[in-house]
Amino acid sequence: MDYTFHWRPVIKALPDLMEAALTTLEAAALSMIIGIVLGLVLALLRLHGNRPLYLFATVWVEIARNTPALLQLFFFGFGLGAFGWHLSPFLIVLCGLSFNNAGYLAENFRGGFLAIPDTQIKAARCLGMTAPQAYLRIVIPQVFRLVYHPLTNQLVWAVLMSSLGMLVGFRELSGETQFMASNTFRLFEFFLAAAVIYYLLVKVVLGTSYLLCRKLFRY
């Protein structure tokens, strides 16, 4: 094999790569928070909304789940730009991931809501709770317990798919890796290091999720 490995540029760039990894986590975490809120709303609209709201939620879910995430990212990056709305690379990635997360999580939440017997809501109403109180205090906590592991899986997806942001100029881990590799011409070494960092990020997410699961759902 004629290829000679040079790891010194990678070692020198490690602080920048780790900072970019934190940016990746930030984008993924924020997109999950927004996606959870929007996903809950979409799930409730599909279950209890009137026909226009039901159709709106259904179209959102269908587009998010059945079109490539890259095209959704390009819509917020270049599609909105065609109408004069120019977003920063961070906002493009945040909007794209949030849109996609909301579509997938809406179906997870909808399945969770359907798994809760209607008798629980009726019992809560008999105790004097309003419908919002019944959902907030009785139903939604159980739904989160049911969909906790799919939520973790979606967060892992968001961490990995944030790498698409390099195509719209977002300097997260993959974007920073591409920048460093193009400057030093050590593509294999830099992307191998990035793969290791992504692996460690996912393991941190999974480990944190496991600890939270044991803390929150002990019974």
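**Pockets, a cavity and a helix pair**

Biologist: Which residues line the largest pocket?

Modeller: A pocket is an open set of points on a 1 Å grid over the protein atoms alone, with protein on both sides within 12 Å along at least five of seven lines, and a lining residue has an atom within 4 Å of a point. On that basis, the residues that line the largest pocket are M32, I36, Y148, L151, T152, L155, V205, T208, S209, L212 and L216.

Biologist: What kind of model is this?

Modeller: Residues are numbered from 1 along each chain as its sequence is written, and side-chain values use heavy atoms, with hydrogens and water left out. Local features need pLDDT of at least 70 and side-chain atom pairs count only at pLDDT 80 or more, while totals for chains, interfaces and linings use all residues, since this is a predicted model.

Biologist: Which element gives the most to the lining of the largest pocket?

Modeller: Two or more of its lining residues come from each of α1 (8-48), α7 (148-161) and α9 (187-216), where helices are DSSP runs (H or I) of at least four residues. By class, the lining has 8 nonpolar, 3 polar and no charged residues, with Gly counted as polar. The element that gives the most, with 5 residues, is α9.

Biologist: How many residues does the leading element, α3, give to the lining of the second largest pocket?

Modeller: The second largest pocket, with a volume of about 170 Å³, is lined by V59, W60, I63, T67, P68, L71, Q72, F75, F76 and F99. The elements giving two or more of these residues are α2 (51-66) and α3 (69-79). This lining divides into 8 nonpolar, 2 polar and no charged residues. The most comes from α3, and its number of residues is 4.

Biologist: Which element provides the largest share of the lining of the largest cavity?

Modeller: A69, Q72, L73, G96, L97, W157, M161 and L164 form its lining, to which α3, α4 (89-115) and α7 each give two or more residues. In class terms, the lining of the largest cavity consists of 6 nonpolar, 2 polar and no charged residues. The largest share, 3 residues, comes from α3.

Biologist: Which residues does L164 touch, leaving aside those up to four places away in sequence?

Modeller: L164, one of the residues lining the largest cavity, has its place in the loop between α7 and α8 (173-184). The C-alpha atoms of L164 and S174 are separated by 8.0 Å, although these residues are 10 apart along the chain. Counting contact as heavy atoms within 4.5 Å, and not counting residues up to four places away in sequence, L164 touches A69, L70 and L73.

Biologist: How are α5 and α6 oriented to each other?

Modeller: Helix α5 (residues 118-126) and helix α6 (residues 131-146) pack with their axes 9 Å apart and at an angle of about 140°, on a scale from 0 to 180 degrees between N-to-C directions. Their contact is made by Q120, I121, A124 and R125 of α5 with A131, A134, Y135, I138, V139 and Q142 of α6, and these residues divide into 7 nonpolar, 2 polar and 1 charged. Angles under 35 degrees count as roughly parallel, over 145 as roughly antiparallel and 65 to 115 as roughly perpendicular, with the rest oblique. The helices α5 and α6 are therefore oblique.

Methods: On a 1 Å grid over the protein atoms alone, a cavity is a set of points where a 1.4 Å probe fits but cannot get out, and a pocket is an open set with protein on both sides within 12 Å along at least five of seven lines; lining residues have an atom within 4 Å of a point. Grid points are joined across faces, edges and corners, and a volume is the space filled by probe spheres set on the points.
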